[in-house]
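Please brief me on this model. Keep it short and group the points by topic.

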Amino acid sequence: MIYFIVGIAGVLGALFRYDLGLLIHSWWSLSFPLETLLINYLGCIILGWFTPWAASHKNFPSWIRVGFGTGFIGSFTTFSTFSAETLALIQKGLWGIAILYVLLSLWGGLLMAWCGYRLFKLRGITREE
């Protein structure tokens, strides 16, 4: 059952990422891979908020937690695309953009996950409901 949930959520997350990527790509034409960066940021902030929120609800179904966190957000964000885009930038000789992309992805992703966690804490939802 859990494999089915993770699989369905993964399909939905991948489709959502694809559509959002197309939307961002429709107005962004520079060589910097902004769509992947923004999508990964969004996934980090959502997972940063969702993980402690779900953990604070002791009766929250684990299949939803795993389906959303691992399935949906796991396929919505993409480390493999980030890696391939970084390699493509390096192969084009755009070392400065590649280094900027790596740094923004790493530190920005951590910052977004922390922001999601802080959003959870600011709402005061720490008690079991």
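Residues 27–50 are 71% helix and 0% strand, and the end C-alpha atoms of this span lie 30 Å apart. This is a predicted model, in which local features need pLDDT of at least 70, side-chain atom pairs count only at pLDDT 80 or more, and totals for chains, interfaces and linings use all residues. Residues are numbered from 1 along each chain as its sequence is written, and side-chain values use heavy atoms, with hydrogens and water left out.

**Annotated spans**
- The unreviewed UniProt entry lists residues 27–50, 62–82 and 94–117 under "transmembrane region".
- UniProt positions follow the numbering used here, feature names are shortened, and annotations may be inferred rather than shown by experiment.
- Residues 94–117 are 96% helix and 0% strand. The end C-alpha atoms of that span are 34 Å apart.
- Helices here are DSSP runs (H or I, at least four residues; strands are E, at least two), numbered from the N terminus.

**H1 against H2**
- The axes of helix H1 (residues 2–25) and H2 come within 9 Å and cross at roughly 135°.
- That makes H1 oblique to H2. Angles under 35 degrees count as roughly parallel, over 145 as roughly antiparallel, 65 to 115 as roughly perpendicular, and the rest as oblique.
- Axes are lines fitted to C-alpha atoms, for helices over the stretch in contact, and angles run from 0 to 180 degrees between N-to-C directions.
- H1 passes H2 in a right-handed crossing. Right-handed means that the near helix is turned clockwise from the far one by less than a right angle; anticlockwise is left-handed.
- From H1, Arg17, Leu20, Gly21, Ile24 and His25 meet Glu35, Leu38, Ile39 and Leu42 of H2. Contact means heavy atoms within 4.5 Å.

**H2 against H5**
- H2 and H5 pack with their axes 7 Å apart, at an angle of about 30°.
- That makes H2 roughly parallel to H5.
- H2 contributes residues including Leu37, Tyr41, Gly48 and Trp53 to the contact. Among those on the H5 side are Tyr101, Gly108, Gly109, Met112 and Phe120.
- The crossing of H2 and H5 is right-handed.

**Nonpolar cores**
- The largest nonpolar core has 13 residues, of which Trp28, Phe32, Leu37 and Tyr101 touch the most other members.
- Helices H2 (34–56), H4 (79–91) and H5 (95–122) each supply at least two residues of this core. The largest share, four residues, comes from H2.
- Phe50, Ala54, Phe60 and Phe120 are among the five residues of a second, separate core.
- A nonpolar core is a set of buried Ala, Val, Leu, Ile, Met, Phe, Trp, Tyr and Cys residues joined through side-chain atoms within 4.5 Å. Buried means under 20% relative accessible area, exposed over 50%, and partly exposed in between (1.4 Å probe, protein chains only).
- Beyond its neighbours within four places in sequence, Leu37 contacts Phe32, Tyr101, Leu104 and Ser105.

**Annotated binding site**
- The "binding site" annotation in the unreviewed UniProt entry covers Gly74 and Thr77.
- Gly74 sits in helix H3 (residues 62–76). Gly74 counts as partly exposed, at 42% relative accessibility.
- Thr77 lies in the loop between H3 and H4. Not counting residues up to four places away in sequence, Thr77 touches Arg17, Ile39, Asn40, Gly43 and Cys44.

**Leu94**
- Leu94 is in the loop between H4 and H5. At 28% relative accessibility, Leu94 counts as partly exposed.
- Leaving aside neighbours within four places in sequence, Leu94 is in contact with Ser31 and Leu89.
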